[in-house]
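Subject: Handover of a structure and findings

Dear colleague,

Please find below the structure that I am handing over to you. I would be grateful if you could read the notes that come after it alongside the coordinates.

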Amino acid sequence: HAAIDSNDHLSDVGILHFQPSQKANLAALCPQDFVQCIEGYNADDDQETCADACEGECCVGTNACYYFTGSVCKDGVSCSGYNAC
């Protein structure tokens, strides 16, 4: 069984389903910035992981955002925890 983080209820708070036509709306939903991910990598730089693109503000924890596709808010809580997103 996987270990459960005491903050698991917060792990996926800032996940946004990505649709290219809605990129402008993402900025409104996530005013502090967001990272767009495709299979765990930054959509703007396919050599950078989502975790690295988050700069400690999202995708934090073991396997966080591993193979994740979508957008995640850089809000300090989104996609944070064991296997989050």
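The notes below go from the overall fold to the disulfides and then to an aromatic pair.

Please bear in mind that this is a predicted model, in which local features need pLDDT of at least 70 and side-chain atom pairs count only at pLDDT 80 or more, while totals for chains, interfaces and linings use all residues. Residues are numbered from 1 along each chain as its sequence is written, and side-chain values use heavy atoms, with hydrogens and water left out.

Overall fold

The protein chain contains two helices and five strands, where helices (H or I, at least four residues) and strands (E, at least two) are DSSP runs numbered from the N terminus. Along the sequence these elements follow the order β-α-β-β-β-α-β. Of the 85 residues, 34% are buried; buried means under 20% relative accessible area, exposed over 50%, and partly exposed in between, with a 1.4 Å probe and protein chains only. The chain exposes about 5,200 Å², of which carbon and sulfur atoms supply 49%. These accessible areas come from the Shrake-Rupley method with a 1.4 Å probe, and for residues only the protein chains shown count as cover. Among contacts (heavy atoms within 4.5 Å) with a separation of 6 or more, 45% are between residues 24 or more positions apart.

Disulfides

A search of the whole structure returns five disulfides, a disulfide being a pair of cysteine sulfur atoms within 2.5 Å. With bonded cysteines counted along the chain, their pattern is 1-8, 2-3, 4-5, 6-7, 9-10.

In the disulfide of Cys30 and Cys73, the sulfur atoms are 1.9 Å apart. Cys30 belongs to the loop between α1 (23-29) and β2 (34-38) and Cys73 to strand β5 (residues 70-73), so this link ties together parts that are 43 residues apart in sequence. Cys30 is buried at a relative accessible area of 1%, and Cys73 is buried at 5%.

Cys37 and Cys50 form another disulfide, with 2.1 Å between their sulfur atoms. Since Cys37 lies in strand β2 and Cys50 in helix α2 (residues 50-54), the pair ties together parts that are 13 residues apart in sequence. Cys37 counts as buried at 2% relative accessibility, and the relative accessible area of Cys50, also buried, is 0%. Leaving aside residues up to four places away in sequence, Cys50 touches Val35, Cys37, Gly40, Tyr41, Asn42, Cys59 and Cys65. One of these, Cys65, is 15 residues from Cys50 in sequence and 6.6 Å away in space, C-alpha to C-alpha.

Cys54 and Cys58 are also joined by a disulfide, their sulfur atoms 1.9 Å apart. The link of Cys54 and Cys58 is left-handed, with -90° about the S-S bond. Both cysteines, Cys54 and Cys58, are buried.

Aromatic pair

The count of aromatic pairs comes to one. Rings of Phe, Tyr and Trp (its six-membered ring) pair if their centres lie within 6.5 Å; planes under 30 degrees apart count as stacked, over 60 as edge-to-face and the rest as tilted. The pair is formed by Tyr66 and Tyr67 and is edge-to-face, at 4.6 Å centre to centre and 80° between the planes. Tyr66 and Tyr67 are both exposed.

With kind regards
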